[in-house]
Structure formats: structure tokens, C-alpha cells
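Here are my notes on this one, in the order I'd go through them with the model open.

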Amino acid sequence: MAVPRGALALIPARGGSKGIPGKNLQQVGGVPLVCRSIRAAQASIAVGRVVVSTDDDAIAAAAEHEGAGVIRRPAAIAGDRASSESALLHALEQLEQQGPLETELVFLQCTSPFTTGEQIDAVLHALQADDCNSSFAVSPWHGFLWRADGQGINHDPAQPRQRRQDLEPAFLETGAIYAMNVAAFRRCGSRFCPPARPVMLEQVGPEIDTPEDLALCRCIAAQKDE
């Protein structure tokens with residue numbers, strides 16, 4: 001059998017969440033978070049197949065309604081301490097039993113509700129470089145960073161105050177999009193299988209970790225709809 005065309009989009013979406021109950025089915029802009037991720041993947045030119053890994057019946061039903069495939073995640077890797085990598089590796093093992101795997105994988109997180117197909121394509125495009133096995137979304141960071149003991153991280157407080165634009169360029173991992181060569185990822189077991197390359201994205205929305213983040217994203221979505 002031939003290797004499938006396009007990248008495989010995998011979306012881990014477990015049912016449990018302590019911070020926000022039922023988080024992956026919470027709605028932003030009237031659409032459940034897991035469905036927003038599925039739609040972003042479907043809007044990507046580079047993605048050929050979209051699969052959700054979940055332990056939850058309601059999430060599975062929502063994913064199937066959106067046209068995504070579903071891999072049932074066992075309870076052993078569905079707790080709040082289970083890594084995303086464990087879900088991705090399990091999904092790859094299950095999918096491999098059905099046929100050849102894609103050569104590229106993009107891992108999307110439901111907690112980033114404003115991911116776009118264009119952004120996914122940009123992160124996947126970085127994998128085309130000969131020296132790249134993984135890539136991930138970052139956004140520019142222009143602030144002064146401090147340690148709890150009062151020491152500067154990206155500046156020296158004992159020296160005259162720098163202008164922000166004179167700081168060494170820094171980039172914040174968004175947590176939204178990670179792309180990997182499938183073979184390299186399975187060997188390494190980490191989303192950052194080396195060589196890894198950050199991909200700078202503009203206009204990246206907030207990531208949802210708290211109820212306040214969820215409320216903020218709902219406000220942003222309402223403004224976009226207007």
C-alpha cells in the first residue's frame with residue numbers, strides 16, 4: 001500500500017480536566033474547542049488526514065461529526081499526568097495497524113482556539129528543510145524576564161536600562177502547533193526531535209489554561225464575529 005498523501009494531524013483530547021471541567025468540549029465562538037482544532041486542520045493545504053485521540057465518548061462523537069477519525073485512548077495514558085507524546089505514539093501504533101503511516105505529523109492542541117490552516121501549513125513547511133526533523137510555533141517576546149530572586153534572565157539589572165528593542169530577540173513557544181517527521185519522532189519520543197526549528201507566527205491568540213483564559217477567548221471570538 002502507498003504512503004498516504006499529506007500530513008497526519010493528530011489532536012489529543014482527553015475527557016478529564018481539573019482546571020476547566022470538560023475543557024475540550026467547552027465552546028468558543030459557539031464551537032467546541034476540539035472541533036475548532038479539527039476545522040483548522042481541515043483548512044490546512046498540507047494536511048491529508050485528521051485524527052482525534054480521546055478517552056471520552058462525547059469528544060469522540062463530536063470529532064466524528066466533524067469528519068475526523070478517532071483513536072480510543074486507554075485509561076493508562078488518559079490521566080492528567082500522561083504526556084501528549086504518549087497519546088501521539090499510541091495513536092501512531094493503532095493507525096499503523098490499519099495501513100501505512102504518513103511521513104509527517106502535526107500535533108495540535110485544543111487549548112489554542114485561534115489556530116488557522118495557514119499557520120499549520122507554515123509550521124509543516126519548515127520540515128521540508130534537510131536539517132529539520134521537528135518544528136513548532138513561536139511568537140515574538142519583547143519583555144524583560146526576571147527570576148524570583150531578583151536576577152535578570154535576559155538583561156542585567158545592574159547595568160543601565162536597555163531599550164526593549166535592544167534586547168536579544170526572544171520567542172515564546174505558543175503551545176499550539178508542533179510538526180514532526182514521523183520516523184524521527186518515533187525514534188526520539190519527543191515532540192522536539194532534533195534538529196528542531198521554531199517557526200515564528202504573528203497574530204497568535206491566547207492559550208486556554210484557566211477559566212479566565214476561556215472567558216478571554218470567548219470575548220475575542222465574539223469580537224471577531226462582529
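1. A quick word on labels: helices (H or I, at least four residues) and strands (E, at least two) are DSSP runs, numbered from the N terminus. This is a predicted model, where local features need pLDDT of at least 70 and side-chain atom pairs count only at pLDDT 80 or more, while totals for chains, interfaces and linings use all residues. Residues are numbered from 1 along each chain as its sequence is written, and side-chain values use heavy atoms, with hydrogens and water left out.

2. Ser112 sits in the loop that runs between strand 6 (104-108) and helix 4 (117-125). Ser112 counts as buried because its relative accessibility is 6% (buried is under 20% relative accessible area, exposed over 50%, partly exposed in between; 1.4 Å probe, protein chains only). Leaving aside residues up to four places away in sequence, Ser112 touches Thr174, Gly175, Ala176, Pro206 and Glu207 (contact: heavy atoms within 4.5 Å).

3. Now the sheet: it is open, with seven strands in the order 5-4-1-6-8-7-9 and mixed pairing (two strands pair if DSSP finds at least two bridges between them). Strand 5 (69-72) and strand 9 (196-200) are the edges, each pairing on one side only.

4. At one end, strand 4 (residues 47-54) pairs with strand 5 in the parallel sense over four bridges. Ser53 is opposite Ile71 of strand 5.

5. Helix 1 (residues 33-43) packs on the sheet and touches strand 1 (7-12), strand 4 and strand 6. Its direction makes about 160° with that of strand 4 (axes are lines fitted to C-alpha atoms, for helices over the stretch in contact, and angles run from 0 to 180 degrees between N-to-C directions). Helix 2 (residues 57-65) also packs on the sheet, touching strand 4 and strand 5, with its direction at about 160° to that of strand 5.
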